[in-house]
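Hello,

Here is the structure I promised to pass on. Have a look at it first, and then read on for what turned up.

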Amino acid sequence: MAETVDIHALAGAYALDAVDDLERAAFDRHLRECGACAVEVAELRETASWLTHAVAEAPPPRLRESVLAEIGRTAQERPRRGASGAGRSRRSRLLRWTAGAVAAAVLAAGVGVGTWTVAQRDVQRENARIDAVLAAPDARLVSSEMAGGRVTLIVSPSRNAAVAVLDGLDDPGADKDYQLWMVDDAAHNAGVVAGGTGRQYISGLAPTFAVTREPAGGSASPSLDTVGKINL
């Protein structure tokens, strides 16, 4: 009898393009409905790109031991009462992957232990906010194809927040980034994503979400072409 494969377990292989055509088509359909997997795939691809960056300097002595000690002292996420087993598993995988990825990036780049601690706290804070949106009872998913890829929003009106996941968008160009906006009577900066794949927590909702190409680091207001819009 053929073994049944949990579609969520394909996130890692999909992110690394290690799936066959049938699995890719099935997971493409799944991503349109699963916000947790959309975030996880973006995280995996973003981290894989970090690990391809050139090493600029040698790490200080005993950095590896210090980083591993920090990981050992970091409390794991405890399951929420009433959360589904599948939801807990996917969120836990995301948090474990991110912590490990940051550790690998720190070791590769030779960042000091003090910087590592700040980076670790920033990642934990960001993941907690993302996790809260994914776990919100009113969370819903909307997505649209744009710039050769797909942008997915997991939106929670009760938290007045969203998570944007950019997957496979074209390279924005030399010295350009993708910038996200929440638009009502004016355009409000919702964050910058370097390259065509990544994720961004957004605080504050508006009727329309938009993506533009902007100079690297972003602009105070939209200044270049609009890549796409999603009506919320």
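Strand 4 and strand 5 are joined by a hairpin of three residues. Please keep in mind that this is a predicted model. Strand 4 covers residues 176–183 and strand 5 covers residues 187–193.

Is strand 4 enclosed or open? Six of its eight residues are buried, so strand 4 is largely enclosed by the rest of the structure.

Next, helix 2, which spans residues 21–31. Which of its residues are buried? They are Phe27, His30 and Leu31. These three cover an arc of only 95° around the axis, which puts them on the same side of helix 2. On the face turned away from that buried side you will find the exposed residues Asp21, Leu22 and Arg29.

Finally, take a look at Glu126, which is found in helix 6 (residues 113–135). Its relative accessible area is 15%, so Glu126 counts as buried, the cut-off being under 20%. Leaving aside residues up to four places away in sequence, Glu126 touches Arg199 and Tyr201.

Enjoy exploring it!

Best wishes

Definitions and conventions:
Residues are numbered from 1 along each chain as its sequence is written. This is a predicted model: local features need pLDDT of at least 70, side-chain atom pairs count only at pLDDT 80 or more; totals for chains, interfaces and linings use all residues. Side-chain values use heavy atoms; hydrogens and water are left out. Buried means under 20% relative accessible area, exposed over 50%, partly exposed in between (1.4 Å probe, protein chains only). Helices (H or I, at least four residues) and strands (E, at least two) are DSSP runs, numbered from the N terminus. The arc is that of the directions from the helix axis to the C-beta atoms. Contact means heavy atoms within 4.5 Å. Two strands pair if DSSP finds at least two bridges between them.
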